[in-house]
Amino acid sequence: MGVMRIGHVSVKVMDVEAAMKHYVNVVGMDVTHRDSDGTTYLKCWDEWDKYSVVLIPSDRAMLHHIAYKVETEADLDVLGKRVRDAGVEVTEVPAGQLPFCGRSVRFRLPSAQTMYLYAQKEFLGKDVGVKNPDPWPDTKHGIGAHWLDHCLILGELDPEKGINRVEETFRLLTDALDFHLSERIMAGPNYSVMAGAFMFRSCKPHDIAIVGAPTNGFHHLSFFLDDWKDVLLAGDILSKNRTRIELLPSRHGITRGETVYFYDPSGIRNETFAGLGYQAYPDMPVITWTEDELARAIFYTSREWVESFSTAYIPV
Ligand SMILES: [Fe+2]
């Protein structure tokens, strides 16, 4: 099987108490552990592992790392070797160093984000349990996100200097880790430059995506909701909480997902995302969006570019 899904995103935040309140009261997560330094671990009600978001106190907002869960311990050896064979330095990390996880492997993507692969994380279970479960728990609060769905990272793109970290990271993820390409953004002369890649390991339109930017960075983490009605309701909850909204509830062209974008108190972009859009399989023909249709690709409903979408992101 190899990589199954996103496991967690670990970010540095400027006010960890404010960040914790946001992810609990607005996103609807629960705190599952706090370290003495304030580092906070959270999970969604429909997740079963100990955490999917880690908030680390800091004086600036930054990505610490992203982590993907593989199916077996043996996958760590196989995939670690394949990443190493691709010319990327891989560190074997002993159990426990990634908190509440078994052993893992760590490396930097060509676009500079630190990525971990792990096979085991402490199990807590879904809030509804597994025996004759209700569809949602009475403890559901805030937006009540089901689970961390995907993340979007940024890769330096400067074709004139021959720099394309988007394509390099796409190659590593697809060649070494067996991600499949669902959709891509092509730019430049004859649309020959890969400026965005949306990739999956499950049957979702994407489990990770990378888009070109002036510098490497981290764009957003996204949480899954059931349907459009829940995205609209998320908009209500964001407004109730005076959360800074970047994009009102609308639809993406890419992935067909229904979406609302907003920021946590440190300026880290969140998305709640609904609708599987379509089922992705490895033999699905790759969808191509050309640069001239980029506003429609991302902001399908308005077809108007939201300026902050390409200018606001956090460093890695
Ligand atoms: Fe997204």
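Student: Is Lys126 buried, exposed or partly exposed?

Tutor: Buried means under 20% relative accessible area, exposed means over 50%, and partly exposed lies in between (1.4 Å probe, protein chains only). Lys126 is partly exposed, with a relative accessible area of 32%. A word on the source: this is a predicted model, where local features need pLDDT of at least 70, side-chain atom pairs count only at pLDDT 80 or more, and totals for chains, interfaces and linings use all residues. Residues are numbered from 1 along each chain as its sequence is written, and side-chain values use heavy atoms, with hydrogens and water left out.

Student: Which residue forms a salt bridge with Lys126?

Tutor: A salt bridge is a side-chain nitrogen of Lys or Arg within 4 Å of a carboxyl oxygen of Asp or Glu. For Lys126 that residue is Asp46, with the closest N and O atoms 3.4 Å apart. Lys126 sits in the loop between β8 and β9 (148–158), and Asp46 in the loop between β3 and β4, so the pair ties together parts that are 80 residues apart in sequence. Helices (H or I, at least four residues) and strands (E, at least two) are DSSP runs, numbered from the N terminus. Asp46 counts as buried, at 8% relative accessibility.

Student: How many salt bridges does a search of the whole structure find?

Tutor: The search finds 18. Arg5, Asp49 and Lys69 are linked in a network of them. Another joins Lys161 and Asp158, at 3.9 Å from N to O. Lys161 is exposed at 65% relative accessible area, while Asp158 is partly exposed at 23%.

Student: Where is Glu47, and what does its side chain reach?

Tutor: Glu47 is in the loop between β3 (40–43) and β4 (53–57). It is buried yet has no salt bridge. For charge, Lys and Arg count as positive and Asp and Glu as negative; His and the chain ends are not counted. The nearest side chain of opposite charge is Lys43, 6.1 Å away.

Now polar contacts. These are pairs of N or O atoms within 3.5 Å; within protein, one must be able to donate a hydrogen and the other to accept it, and residues adjacent in sequence count only if both atoms are side-chain atoms. The Glu47 side chain reaches the backbone nitrogen of Leu148 at 2.8 Å. A polar atom of that side chain also lies 2.8 Å from the backbone nitrogen of Cys44.

Student: Which residues does Glu47 touch?

Tutor: Contact means heavy atoms within 4.5 Å. Leaving aside residues up to four places away in sequence, Glu47 touches Ser52, Gly125, Lys126, His146, Trp147 and Leu148.

Student: Which residues of α2 are buried, and why do they line one face?

Tutor: An α-helix has 3.6 residues a turn, so residues three or four places apart point the same way. In α2, the buried residues are Asp75, Leu76, Leu79, Gly80 and Val83. Seen down the helix axis, they fall within an arc of 120 degrees, so they line one face of α2. The arc is that of the directions from the helix axis to the C-beta atoms. Their cover includes β1 (3–13), β5 (62–70) and α3.
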